Amino acid sequence: MQKIQILPPDLRNRIAAGEVIERPASVVKELAENSIDAGAKSVSIDILNGGGKLIRVSDDGSGMTREDLLLCFQPHATSKVRCMEDLFNITTMGFRGEALSSIASVSRLSITSAAGDADLGYSIYIEGGGLRKEKETAHRGTTVEVRDLFFNTPARKNFLKSRRTETHHIIETVTETAMSHPGTGFYLTMDRAETMNIPPSSGLRERLLQIYGEEFLRGLIEIEGDFLRTIVSKEGNFRSTRSHQYILINGRPIRDASLRHAIYRAYDSILPKDRHPIFFLTLSIDPPSIDFNVHPSKREVRFSDKEGVYRMVYDAVRKSVTRSALEVSGYKSTEEAATDVPGVAARKAPYGSQNYGRPLTLHHEETGDGLIFEPVSGHHGDIRHIYLGDVFVAYSNGNGITLLDHHAAHERILYERLKGGMKLNVTRLLFPQQITLPPRHYRIILNQLNSLGAMGIEIEDFGEGTLLLRAVPDILSDADLSSIISDLAESLFDIRASSPVDEIRDVIAKRIACHSSVRGRTELAPDEIKALLKDLREVQDPEHCPHGRPTRIHLGIEELKRMFKRT
Ligand code: ADP
Ligand code: MG
């Protein structure tokens, strides 16, 4: 008996839809890209219920005639590619002719469009891939409405995450699309509340200014080359997550591990461990030299000269970054002694003594294996300490030896202070600090103003993505507050507004305690170590950092004797 069957078109389309349309944000991406391809100067997006209920994208682009409208939702219907040669010379966002047909097969879809300047347009209604209604209507540009996404593919529907998560993905998609097309205005409402409002801009720099604000841009440098225009971190302005990294090629946001690697390599010697540069890398590559037809969502590319592109990116970023490093270290040398880890060390440590640079010692000896002996003068008490690398400090009180991870210890103390277990002094800022965040982060922080307030971080909503920071705990007074707030938003991503207060405080305290800008510089002076040990005596769990790693390891005399087989 014959076992093989050709799948019916309806099923084929739904299978294809699975590749293009993964979640509401994919619909937003495809529709916004169609608007851009239609030459729109303005794209308005309205979302209800995380996109599950409604996704509406309206544009003022070239529109469609009735004939085109009746074809556009068919599989493989496209106006952008006609022959094989076109496929190797792609200048539009779309070209595979599968977005509208995919969306049509998994939703209730209506498209209203009028071609050119004609005020009279047509509206069609499609359900599960089939045309149900058609009517004449007055219109300008194109409006696509997608209702009840995945109503006929329950498996896919079950895969959708919470409304909050889908909302974040949509905001991220619009942000990414807006960055890729600075000349177009983007307006987004979610459940009728204005979420993004970014008018057309002159270029990437102005667009980033609209999205992130001035403060954010100050930590970045712009690099311009023949085929490349890039905005990247200045030395010292690094983040603890990869959240602000974008690669845009010919106006298309893509993922590419090799180019990301080129950028990280360019920061090679100045990027501290576990830190990440910010980058907005935009490249213009001659269409025949690049293939976007690799993946249905068009997020991956193949270069005909992969190494050449890698080199170009590496060279450009390297040159500018090392130049900015020189500027920064030149400045630093007049202010304080040179330190080993640039950028990180340049900040005042919370355990600040007057003495920056290396502590003054009576005796300073560097042995071949990197141990630095610093016997401390009398008035510091009994404690003698030895640095082992720049994280570990060994000290003895005569009864064995203790090895301390001073970062871990410091994190524990900050963590307990922030969580409320210890005294926390709060200072009102003389001049409230303005912090502008991308919409996704802005919303997360707005949801947590109470919890932050309870921890001494007083923030007020200033509207349009901007926050006013009015007061902070003393221990944060020298920290990089805007980078802390944006890292916090990233960590609070998975926290629901309804989560227990304690859990929220815990996430906040952990994130801040581990932020490198409050962790202090690498090497502590003798009195700073003394102060640290004193504080450590007061915490509830002096033995562990907030992530559960040990803060110190003690080897008692008895244990040492056993190890040396003396008992
Ligand atoms: P693709 O973008 O790959 O061509 P789509 O399925 O996304 O495929 O769209 C099919 C066609 O419908 C497009 O090629 C275009 O001609 C037309 N179209 C879709 N959206 C719009 C729009 N917003 N304005 C004008 N034409 C559109
Ligand atoms: Mg398209």
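These are my notes from a first look through this structure.

**Entry 1: the whole chain.** I started by checking what kind of model I had, and it is a predicted one. I then looked up the secondary structure and found 19 helices and 24 strands in the protein chain. The chain has 567 residues, and 50% of them are buried. For the surface, I got an accessible area of about 27500 Å², with 51% of that belonging to carbon and sulfur atoms. I also looked at contacts with a separation of 6 or more, and 65% of those come from residues 24 or more positions apart.

**Entry 2: the largest pocket.** How much space lies in the largest pocket? I noted about 860 Å³. Its lining is made of 32 residues, and I marked His-169, Glu-172, Glu-176, Arg-255 and Arg-299 as the ones nearest the centre. Helix α7 gives the largest share, with five residues. By type, I sorted the lining into 14 charged, nine polar and nine nonpolar residues.

**Entry 3: the nonpolar cores.** I turned to the inside of the protein. In soluble globular proteins, nonpolar side chains tend to be buried together. Here the largest nonpolar core holds 53 residues. Leu-31, Ile-111, Val-146, Met-179, Leu-188 and Phe-280 have the most contacts inside that core. Another core, of 34 residues, lies apart from it, and I spotted Ile-247, Leu-283, Val-301 and Tyr-314 among its members.

What does Met-179 touch, leaving out residues up to four places away in sequence? I wrote down Leu-204, Arg-207, Leu-208, Ile-211, Tyr-212, Tyr-246, Leu-248 and Phe-280. Phe-280 was already on my list for the largest core.

**Entry 4: Lys-157.** Last, I looked up one lysine. Lys-157 sits in helix α6, which covers residues 154-159. Why does Lys-157 count as partly exposed? Its relative accessible area is 41%, and that label applies because buried means under 20% and exposed means over 50%. Not counting residues up to four places away in sequence, Lys-157 touches Leu-149 and Phe-150. I also checked Gly-52, which is 105 residues from Lys-157 along the chain, and the C-alpha atoms of the two are separated by 8.8 Å.

Note on methods. Residues are numbered from 1 along each chain as its sequence is written. Chains are lettered from A and ligands numbered from 1 in the order in which they are written. This is a predicted model: local features need pLDDT of at least 70, side-chain atom pairs count only at pLDDT 80 or more; totals for chains, interfaces and linings use all residues. Side-chain values use heavy atoms; hydrogens and water are left out. Helices (H or I, at least four residues) and strands (E, at least two) are DSSP runs, numbered from the N terminus. Buried means under 20% relative accessible area, exposed over 50%, partly exposed in between (1.4 Å probe, protein chains only). Contact means heavy atoms within 4.5 Å. Accessible areas come from the Shrake-Rupley method with a 1.4 Å probe; for residues, only the protein chains shown count as cover. On a 1 Å grid over the protein atoms alone, a cavity is a set of points where a 1.4 Å probe fits but cannot get out, and a pocket is an open set with protein on both sides within 12 Å along at least five of seven lines; lining residues have an atom within 4 Å of a point. Grid points are joined across faces, edges and corners, and a volume is the space filled by probe spheres set on the points. Ala, Val, Leu, Ile, Met, Phe, Trp, Tyr, Cys and Pro count as nonpolar, Asp, Glu, Lys and Arg as charged, and the others, Gly among them, as polar. A nonpolar core is a set of buried Ala, Val, Leu, Ile, Met, Phe, Trp, Tyr and Cys residues joined through side-chain atoms within 4.5 Å.
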